[in-house]
Amino acid sequence: MTSTLAALTGCNSMSPTVNSDSHSKVKSVASTTSTLPAIQNNDLGDNVSADKFSTDKVSADYATADYDKRAQGYDWVGVMVRADDDRQIDIKVRSRSDIKKPTCYFDGKATLMGQDTAHGTIFQAKVNDSTAFFQFKDDKLIIDSPDKYALNYFCSGGGSLAGEYKKLAVGLEI
């Protein structure tokens with residue numbers, strides 16, 4: 001059985017590649033999209049592997065930096081990530097709803113693209129005819145897209161899902 005992995009150049013474009021022998025070889029392609037600041041300027045080369053990965057490794061709750069100041073009334077956005085199967089995660093994004101109307105809301109699934117030590121683990125999802133990337137590394141989640149407006153659709157008031165979220169030690173308080 002063959003497996004399809006997506007290739008990244010500068011971690012900002014993708015192209016399917018099939019490798020039936022090792023499932024760990026990914027070939028580079030030239031980028032035609034805008035760069036993704038969170039995952040740019042690195043070539044994954046041959047070090048990418050989607051084998052022997054458990055989506056349980058990234059299953060956790062994540063939140064923006066202002067989550068720690070929620071008692072003082074700061075706005076925050078939280079991301080709940082749960083394993084759906086061994087190559088897919090379920091993602092729920094929620095914003096503060098305890099003292100004000102929520103500004104962000106998203107439910108979706110993302111598929112494993114690959115992982116390596118330089119970039120961590122990267123998942124992708126189709127959102128609004130674009131692609132969103134979910135990069136997990138060093139207890140952080142970075143959400144980005146080559147289409148800078150694709151992730152604005154899910155938030156009001158000029159907000160966006162794009163950004164950096166830190167892993168929480170305890171569950172998200174919504």
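In the predicted model, a salt bridge joins the side chains of glutamate 164 and lysine 140, with an N to O distance of 3.7 Å. Because glutamate 164 belongs to strand β10 and lysine 140 to strand β9, this pair ties together parts that are 24 residues apart in sequence. Both partners are partly exposed: the relative accessible area is 46% for glutamate 164 and 37% for lysine 140.

Strand β10 (residues 163-167) also contains lysine 167, whose side chain meets that of aspartate 139 in a salt bridge of 4.0 Å, N to O. Aspartate 139 is located in the loop between β8 (130-137) and β9 (140-144), so this contact ties together parts 28 residues apart in sequence. Lysine 167 is partly exposed at 32% relative accessibility, whereas aspartate 139, at 52%, is exposed.

These contacts belong to a total of 11 salt bridges found in a search of the whole structure. Another salt bridge is formed by the side chains of lysine 69 and aspartate 66 (3.7 Å, N to O); lysine 69 has a relative accessible area of 35% and aspartate 66 one of 27%, and each is partly exposed.

A hairpin of 3 residues joins β6 to β7, and aspartate 116 has glycine 120 in β7 as its bridge partner.

Note on methods
Residues are numbered from 1 along each chain as its sequence is written. This is a predicted model: local features need pLDDT of at least 70, side-chain atom pairs count only at pLDDT 80 or more; totals for chains, interfaces and linings use all residues. Side-chain values use heavy atoms; hydrogens and water are left out. Two strands pair if DSSP finds at least two bridges between them. Helices (H or I, at least four residues) and strands (E, at least two) are DSSP runs, numbered from the N terminus. Buried means under 20% relative accessible area, exposed over 50%, partly exposed in between (1.4 Å probe, protein chains only).
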